[in-house]
Amino acid sequence: MRAPDAGAAPRRARAAARAQGAVVAAALVLLLLVLLPLRPAMPLPGLDPSWTYALNEAVAQHRVFGRDFVFSFGPLAALYTRAYHPATDALALAGAAIVALAAWGGCLVVARPRRRWLVALLPLLVAASELRDAAYMLVALLLPFAAFATGPGGVPSAAAPEPVRPRRWPRGLAFAALAVANGLLPLSKASFGVLVAGEGALALVLLLRQRRRALAAAVVALGLVALAAGWLAAGQPLAALPAFFVAEWPVVAGFGEAMSAHGAYAAAVCWIVAAALVAALFFLGYGWRRAQGGLVWLALCLYLFLAFKAGFVRQDGHERLSAAALPTIALLGALVLPARGAALGALVAIVGWFAVERSSAEFGLERIGVRVHAAADDALDGLALRLRRPSPLPRRFAEANAAIRRAEPLPPVDGSADVYPDELAALFAAGLPWAGRPVPQSYSVFTAPLAALDAAHLAGAEAPRHVFFEVAPIDGRLPTLEDAASWPVLLSDYALQERAGRFLHFVRVADGAGPAPLPLATLRADVGVAIEVPAADAPVWAAIELRPTLLGRLVAQLFRLPRVELELSLDDGRTLVHRYVPAMGRDGFLLSPYLGTNDDVVALVAGVDRGARVRRLRVLAPGLGLWRTQCEVTFSALRLPVRPDAARLLDPAPPRAAGAP
């Protein structure tokens, strides 16, 4: 009978360790291939491609973010958008590599030793997600989890059979990568800053409670250095960094009211149930009796809450962002929770993920495979593309711009230009000098202070000489609500010169801030009751003060408010209903005549009556106790210059005579 081999068990353990090490190393390579923009997106016409292009152009032209450029993204936006520009390509690659290293290293630090091979699932989850916010947000969440896991007694539960404190993985490198990545994330997408601040504060408290003051100081210092270095690498002056965060606050705070979009409530309910069950499993796994475990659980709840808000406030496909957070948290649970909790959490999260994804009409199980296949194609083709010399990316960039010029041609001009409301890609592709307003697209002027910024620019010394303008609001909004404060300046200081494709071409002829409104009437009225608009021999400016109730403000913070609408009754018998955003219209907007098309604007400029005077309006808000039942309306008259020669640009159909039925 053969004697047992005393060295067999150690050999098997070493073999298993080598296999796990190979899987872990492969996971890093795959994560880099998936997260790096190896095959970046090229410019396209359209609303979303225009703001991604504008962000890159702002960096290329050294515009100061927070002063010259105020948007929901920062100078490292290419890290998130994966959009190519010669000025930002290297920044995007370097930033994505740091994020990938941080996510990988952070997962290894928090994982139970025998489960580190599960980190190989991270690139698969990223590839299967249509929106990758969940992966970037995970980097912030991993910081407090890593602080707990590497601290004294870093065990999620007293019943856990094995410690989670890593013995071989270099913890210092992981913490350094997490600190640097978290320092860069707010410069990519402004809303990441809220998560980074919250998770960073919880991690700092954990480290201080563990008396690891040196590590706490190092994490804070590295994060701040990375923040400053990323800012400087994007060509931004260091002194302007605090102002960037100050300027971003009204953008982040105003997003929910202005950009909310309603979808299937069932999807939100499914997500909330799944997230609550997963959070409960983490609560049980970490043990509320331990203060440090409670802090980690709060970090998880913060992640889930912000993931919910990011996806379900604007439920027009963005809910896939929230959906992707569920399997991401399931993976984290698989790394840190006891076996039963990890398995149950994974099951609940995957069911919730598919339930939310299925709320989309075009979704099918095969779509997940399509996303993974597309990510693999992008990685492999992009790697080949990056290795080619000379690089074909600049040529492709030029070809993409040529295609935009063919699709959206703009005439050559003798000075600087801007485009309203959003088609900036056409301006960049045409190579026109850009004198863009601070908030670069009108739909994102979420509040009256942001509108005032744009209006001041249009009236100031840096204003564009040429403006290409069209009436094209989003979400069914009242057209004159977008960039409301800029309309009087445009219609008084600029003369309409020609039609340029779908745009009206205005040229600056005067310097000023537009006409001052002349008061007509101020009244209070019940919501839902018709309000007579005062008759005036000039365009009418209206400011409507409607505020949410205390309950409404709470609902807005937790989820979203139901939309408010404005019903307009016109001279010509039409009754029109548009979305009204109270925060955008609080300081006033051009109410009458109704301007719903480019021809309506031409008629106003030329002084032609098309029967579009607004006679009555009604503010419509759901009676759920979320909006106040009364609103205050102030009417004023605007004395705008009349330019009769613009009538030549009207549609050939004869205009309606004044007073005609």
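## Basis of the description

Because the model is predicted, local features need pLDDT of at least 70 and side-chain atom pairs count only at pLDDT 80 or more, while totals for chains, interfaces and linings use all residues. Residues are numbered from 1 along each chain as its sequence is written, and side-chain values use heavy atoms, with hydrogens and water left out.

## Helix packing

Helix 12 (residues 291–312) packs with helix 13 (residues 319–336) at an angle of about 155°, and their axes are 6 Å apart. Helices (H or I, at least four residues) and strands (E, at least two) are DSSP runs, numbered from the N terminus. Axes are lines fitted to C-alpha atoms, for helices over the stretch in contact, and angles run from 0 to 180 degrees between N-to-C directions. Helix 12 and helix 13 are therefore roughly antiparallel; angles under 35 degrees count as roughly parallel, over 145 as roughly antiparallel, 65 to 115 as roughly perpendicular and the rest as oblique. The crossing of helix 12 with helix 13 is left-handed, a term for a near helix turned anticlockwise from the far one by less than a right angle, with right-handed meaning clockwise.

Helix 4 (residues 89–110) and helix 7 (residues 171–184) have axes that come within 8 Å and cross at roughly 135°. This pair is therefore oblique. Helix 4 also passes helix 7 in a left-handed crossing.

## Salt bridges

The whole structure holds 32 salt bridges, each being a side-chain nitrogen of Lys or Arg within 4 Å of a carboxyl oxygen of Asp or Glu. One of them joins R524 to E632, with the closest N and O atoms 3.7 Å apart. R524 lies in strand 5 (residues 518–526) and E632 in strand 12 (residues 630–637), so this pair ties together parts that are 108 residues apart in sequence. R524 is exposed, at 52% relative accessible area, whereas E632 is partly exposed at 33%. Here buried means under 20% relative accessible area, exposed over 50%, and partly exposed in between (1.4 Å probe, protein chains only).

A salt bridge also links D571 and R613, with 3.7 Å between the closest N and O atoms. D571 sits in the loop between strand 8 (564–570) and strand 9 (575–580), and R613 in the loop between helix 22 (598–606) and strand 11 (614–620), so the bridge ties together parts 42 residues apart in sequence. D571 is partly exposed, at 28%, and R613 is partly exposed at 21%. R648 and D645 form a further bridge (3.7 Å, N to O), and a network of salt bridges links R314, D316, D475 and R579.

## A nonpolar surface patch

L204, L208, V220 and L224 make up a nonpolar patch with about 320 Å² of accessible area together. Patches consist of residues with over 30% relative accessible area and no salt bridge, where like charges are joined within 9 Å and nonpolar side chains (Val, Leu, Ile, Met, Phe, Trp, Tyr) within 5 Å. Accessible areas come from the Shrake-Rupley method with a 1.4 Å probe, and for residues only the protein chains shown count as cover.

At least two residues of the patch come from each of helix 8 (190–209) and helix 9 (213–233). V220 belongs to helix 9 and is partly exposed, at 37% relative accessibility.

## A buried residue

F145 lies in helix 6 (residues 133–149) and is buried, at 1% relative accessibility. The C-alpha atoms of F145 and V64 are 35 Å apart, and the two residues are separated by 81 residues along the chain.
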